[in-house]
Amino acid sequence: MGRPGLSRRQLLSAAGGLTVAGSFGFAALGTGADALASGADTRVRYWNLFSGGDGYNMIAMLDAFRADHPGIDVKDSTLQWGSPFYTKLAMAAAGNRAPDLGVMHMGRVTGFSPGRLLDPWDVDLLAEHGVREADFNPALWKRGVIDGELYALPLDIHVQLCFYRKDVLKKAGLLGADGRMVPVTSTDEWFDVLKEAKRATKKGLQTIGLWLNDQNFQWWFFVAFYTQLGGTWFDAAHTRVTFDTDKATQVLQFLRRHITDGYANPGFGGGAGAEQFVNGAPFAWEGNWSVPVFDAAKLDYGATPLPPVFGRQATHAESHAFVLPHRSGRGGATNAAAHRLAAYVVKHARQWAAGGHIPAYTPTLSTAAYRELSPQNEYVTAMNHQATEPKVWFAGSTGILAQRVGPVVVSSTTGSAEPAAAARRMKSTLTELLASKNPMDGRTAAQGGAAA
């Protein structure tokens with residue numbers, strides 16, 4: 001099953017997207033020199049997991065920082081996306097060989113043993129560089145707070161979106177006077193939209209690409225629609241599973257219907273949905289990182305948060321965030337420089353927004369330059385209705401939770417398991433995980449101190 005990091009590169013290739021081949025090797029090797037750069041008196045070692053277009057944009061922001069701060073030498077290294085990155089970061093922090101600054105998915109922070117493998121941010125020092133809690137979405141900022149201290153400084157929000165072809169929807173009568181897709185507020189309305197769109201679709205193309213066989217995407221879609229139904233996962237103390245199998249069954253039946261009604265084809269794997277979208281399919285559910293791909297293909301398209309088919313706005317969201325991997329004796333000029341670098345990138349995220357991500361630093365969203373970005377200006381409201389994984393040690397991007405329950409969602413969507421049975425299996429898995437111990441510190445979720 002494909003990983004999002006790989007799919008981005010596959011899509012870039014398939015759509016003839018961005019010319020960033022040179023940046024892959026550049027980022028992988030790191031752009032800092034072994035010796036301090038000329039004129040620098042402080043070095044910040046920075047690890048990230050950004051490749052493709054994200055890697056290109058990050059390098060551009062780092063180069064801008066270097067130009068503005070010649071006294072700070074940034075030695076950046078890009079590691080392999082996913083579990084390999086987190087494994088290496090954990091080992092480095094445990095062995096006191098960690099970089100001065102790192103990047104993590106927000107959902108992974110709770111499981112990274114904050115206080116042992118991560119050091120807290122000095123919020124007063126961040127404020128000196130113009131970054132304050134008031135500049136962020138409250139729910140997003142709170143996700144980075146563990147036991148009253150900030151362990152993750154948000155860089156962005158990346159969300160799952162409903163991409164649509166304006167030319168096809170116009171032909172089907174599904175564009176409003178504002179040139180955007182007609183609103184949808186129920187499952188019946190959504191399948192009516194698909195029915196009309198299918199009639200306007202060229203032969204040989206499916207109506208919508210849904211990453212049917214991918215455990216990560218199917219899990220993310222489930223999280224979104226389960227949240228729309230008001231579904232919960234655990235009680236506040238993380239001692240009891242509150243997962244609602246009836247609501248889960250509704251979601252699984254909804255996802256499955258896309259195949260049974262003939263709108264999505266399980267024979268199309270990987271990034272085929274995006275490829276078909278480029279070739280004329282009316283819809284594709286993809287992450288916002290597909291924006292540069294579709295821009296490069298010069299499509300007339302829009303993108304909206306996943307449709308609120310269960311009556312409540314909620315689309316799956318994750319976030320990249322800056323973290324301070326644990327270092328004994330952290331402090332001094334290097335630590336101050338790490339704070340300055342992170343604050344600078346967060347505040348200068350206009351370049352980052354070009355890659356489709358929603359900047360976490362809200363003053364950026366009110367600038368004329370951001371408001372002119374399309375389709376970013378159409379889905380920026382997703383920040384206000386984020387559907388996120390529960391705040392437990394085994395959650396987060398490509399984490400154990402996704403690895404365990406993602407395949408169950410796939411089995412239901414593709415028809416190898418009945419939705420009700422799959423929902424019961426999901427609850428059983430959640431019960432097992434809740435009682436299991438975090439290998440990084442030997443504590444269960446109830447013992448993990450995830451209270452903000």
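How are α9 and α10 oriented to each other? I opened the notebook with this one. The model I am looking at is predicted.

**Entry: α9 and α10**

I looked up the two helices, α9 at residues 215–228 and α10 at residues 245–260. Their axes come within 10 Å and cross at roughly 125°. Angles of 65 to 115 degrees count as roughly perpendicular and those over 145 as roughly antiparallel. The two helices are therefore oblique to each other. I noted the hand of the crossing of α9 and α10 as right-handed.

Next I listed who makes the contact. From α9 come Q218, F221, F222, F225 and Y226. From α10 come K247, A248, V251, L252, F254 and L255. I sorted the residues of this contact by class and got nine nonpolar, one polar and one charged.

I then followed the chain out of α9. G231 sits in the loop between α9 and α10. Is G231 buried or exposed? Its relative accessibility is 14%, so I wrote it down as buried. Leaving aside residues up to four places away in sequence, G231 touches Y226 and K247. Y226 of α9 and K247 of α10 are also among the residues of the helix contact.

I also looked up one distance. From G231 to E378 there are 147 residues in sequence, and the C-alpha atoms are 26 Å apart in space.

**Entry: α3 and α13**

I turned to another helix pair, α3 at residues 52–68 and α13 at residues 332–347. The axes of α3 and α13 are 10 Å apart, and the helices pack at an angle of about 120°. That angle makes α3 oblique to α13. The crossing of α3 and α13 is right-handed.

On the α3 side I found M58, M61, L62, A64, F65 and D68. They meet R340, L341, Y344 and V345 of α13. By class, the contact of α3 with α13 has eight nonpolar, no polar and two charged residues.

**Entry: strand β13**

How much of β13 is buried? I checked residues 320–325 and found six of the six buried, so the strand is largely enclosed by the rest of the structure. In a regular strand the side chains alternate between the two faces of the sheet.

Which strands pair with β13? I found these:

- β3 (residues 101–105) pairs with β13 in the antiparallel sense over four bridges. The bridge partner of M104 in β13 is A321.
- β4 (residues 118–119) pairs with β13 in the antiparallel sense over two bridges. L118 stands opposite P325.
- β7 (residues 153–154) is joined to β13 by two bridges, and the two run antiparallel. L153 has F322 as its bridge partner in β13.

**Entry: strand β12**

β8 (residues 156–165) pairs with β12 in the antiparallel sense over two bridges. Here V159 stands opposite A317. In what sense do β12 and β15 pair? β12 and β15 (residues 386–387) pair in the parallel sense, over two bridges. T315 stands opposite Q386 of β15.

I finished with the backbone. Where is there a cis peptide bond? I found one from S374 to P375, with omega near 10°. P375 lies in the loop between α15 (368–371) and α16 (376–379).

I also noted two residues with positive phi. N96 has a phi of about 60° although it is not a glycine. Its place is the loop between α4 (83–94) and β3. N96 counts as partly exposed because its relative accessibility is 39%.

T398 is not a glycine, yet it has a positive phi of about 55°. I located T398 in the loop between β15 and α17 (400–413). With a relative accessible area of 8%, T398 is buried.

Technical notes: Residues are numbered from 1 along each chain as its sequence is written. This is a predicted model: local features need pLDDT of at least 70, side-chain atom pairs count only at pLDDT 80 or more; totals for chains, interfaces and linings use all residues. Side-chain values use heavy atoms; hydrogens and water are left out. Axes are lines fitted to C-alpha atoms, for helices over the stretch in contact, and angles run from 0 to 180 degrees between N-to-C directions. Angles under 35 degrees count as roughly parallel, over 145 as roughly antiparallel, 65 to 115 as roughly perpendicular and the rest as oblique. A crossing is left-handed if the near helix is turned anticlockwise from the far one by less than a right angle, and right-handed if clockwise. Contact means heavy atoms within 4.5 Å. Ala, Val, Leu, Ile, Met, Phe, Trp, Tyr, Cys and Pro count as nonpolar, Asp, Glu, Lys and Arg as charged, and the others, Gly among them, as polar. Buried means under 20% relative accessible area, exposed over 50%, partly exposed in between (1.4 Å probe, protein chains only). Two strands pair if DSSP finds at least two bridges between them.
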